[in-house]
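This report describes selected features of one structure, beginning with a loop residue and moving on to a helix and the nonpolar core.

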Amino acid sequence: MRVTPAPADPAITFYEAVGGEATFRLLVDEFYAGVAEDPLLRPLYPEDDLGPANDRLRLFLIQYWGGPGTYQEQRGHPRLRMRHAPFVIGPAERDAWLHHMRRAVDALNLPADQATTLWDYLERAAYFMVNATDV
């Protein structure tokens, strides 16, 4: 069970409070613009086109934050660790991922409390995905 911090109006999800799909589309597009040029992260995305990865992350985040459940309808339970297990994710990959995600979160120009809520989750998720240590 996940706990999503409640917006000021409990009837409004975090997804709605930050601007819905348009906000998450911008976030993920900005993130993958950085990944596309990153020599450490780009090889972790086997598809020639980052579009499918972009779609999966966007749909996952939308669902996680209270939007439509399209991700689960299309792909089933997220099982994030399992889905990322084939890839070596060490501290360097985590930090590169966080670098591009920080830039993407900042590009949203969200109010500070919303940006902090979003960033806190993304940072925890990045640390959770680490499955290797640097040698």
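In which loop is E47 found? In this predicted model, E47 is found in the loop between α2 and α3. E47 is partly exposed, because its relative accessible area of 28% falls between the 20% limit for buried residues and the 50% limit for exposed ones.

| Residue | Contacts beyond four places in sequence |
|---|---|
| E47 | R42, P52, A53, R56 |
| L118 | F14, F24, L27, W65, V105, L108, L110 |

Helix α6 covers residues 91-107, and its 17 residues reach 24 Å from the first C-alpha to the last, which is close to the 24 Å expected at 1.5 Å a residue. The buried residues of this helix are E93, R94, A96, W97, L98, H100, M101, A104 and V105, and they pack against α2 (21-36), α3 (51-64) and α7 (112-129). An α-helix has 3.6 residues a turn, so residues three or four places apart point the same way. Just after α6, N109 takes a positive phi of about 55°.

The largest nonpolar core holds 36 residues, of which L61, M101 and L118 touch the most other members. The elements that give two or more residues to this core are α1 (14-17), α2, α3, α6 and α7.

Technical notes. Residues numbered from 1 in each chain as written. Predicted model: local features only at pLDDT ≥ 70, side-chain atom pairs only at ≥ 80, totals over all residues. Heavy atoms only, no water. Helix = DSSP H or I, 4+ residues; strand = E, 2+ residues; numbered from the N terminus. Expected span 1.5 Å × (residues − 1). Buried < 20%, exposed > 50% of the residue type's maximum accessible area, 1.4 Å probe, protein only. Contact = heavy atoms within 4.5 Å. Core = buried A, V, L, I, M, F, W, Y, C linked by side-chain atoms within 4.5 Å.
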